[in-house]
Amino acid sequence: MAKALFHKNQRVYVKPVGTFAHVETVIPHWVKGVDEPLRVTYCVGLGREFSATELVSEANLREGDDNTSELVRENWRVMRMKARWQSGDTAHHPLPGTFPVVVTEEKDWGGWRVPGAEYDRDPHRIEYQARIIANSPRMMRILSAMVQTVADSVDDVPDEVLEQAKLASSVLRNIYEISPQTDGKDVEAA
């Protein structure tokens with residue numbers, strides 16, 4: 001059975017987002033005939049519910065602790081895999097005989113890769129996409145920090161910076177909110 005580890009209005013660090021937030025709602029998930037909730041999730045105003053493993057209390061995070069940043073940091077990286085397919089002409093490949101794989105786990109598996117035919121069609125584009133995907137957690141942390149900085153001093157920032165912070169907030173919201181199925185249609189980014 002689960003117990004609530006955080007309480008309403010408690011400030012917590014949200015690991016997947018890389019920012020601080022306040023617990024807005026504690027949501028117990030009950031099962032009929034059981035005295036305690038089966039699990040507890042938390043709404044922190046970021047578009048979805050978070051489990052206790054995705055949150056860290058502010059008391060557990062000490063300012064200036066180097067281990068803190070490692071605790072909440074995703075380390076996505078680009079690995080080179082040997083190409084198993086043989087292409088007639090690989091001279092246009094940036095690194096012939098290999099292709100990029102973005103690894104999103106601590107172990108060297110799990111993540112993003114493309115079919116060989118797609119890589120052969122435009123290898124420079126795929127290499128570029130791999131670098132963007134691998135760096136996206138860092139870019140999201142930068143966006144979160146920018147939004148938080150602007151929110152803390154909204155009266156002191158120029159209008160251009162405020163507009164960029166609104167756009168950054170919209171991008172983060174687009175990433176963290178789960179949208180309904182689009183039936184294969186492209187969804188325009190915010």
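**Overall picture.** Keep in mind that this is a predicted model. The protein chain has 4 helices and 9 strands. Starting at the N terminus, the elements follow the order β-β-β-β-β-β-α-β-β-β-α-α-α. Of its 190 residues, 28% count as buried. The chain exposes about 13,100 Å², with carbon and sulfur atoms supplying 52% of that area. Looking at contacts between residues at least 6 apart in sequence, 49% join residues at least 24 apart.

Let's turn to an open sheet of 3 strands, ordered 7-8-9 with antiparallel pairing. Its edge strands, strand 7 and strand 9, each pair on one side only. Strand 8 is joined to strand 9 by 2 bridges, and valine 102 stands opposite tryptophan 112 in strand 9. Helix 3 lies across strand 7, strand 8 and strand 9, and runs at about 20 degrees to strand 8.

| Strand 7 | 77-82 |
| Strand 9 | 111-112 |

**Helix 4.** How does the length of this helix check out? Which residues of helix 4 are buried? They are Ala165, Ala168, Ser170, Leu172 and Tyr176. Helix 3 (123-152) is included in what covers these buried residues.

Note on methods
Residues numbered from 1 in each chain as written. Predicted model: local features only at pLDDT ≥ 70, side-chain atom pairs only at ≥ 80, totals over all residues. Heavy atoms only, no water. Buried < 20%, exposed > 50% of the residue type's maximum accessible area, 1.4 Å probe, protein only. Contact = heavy atoms within 4.5 Å. Pairing = 2+ DSSP bridges. Axes fitted to C-alpha atoms, helices over the stretch in contact; angles between N-to-C directions. Areas by Shrake-Rupley, 256 points an atom, 1.4 Å probe, with all protein chains shown as cover.
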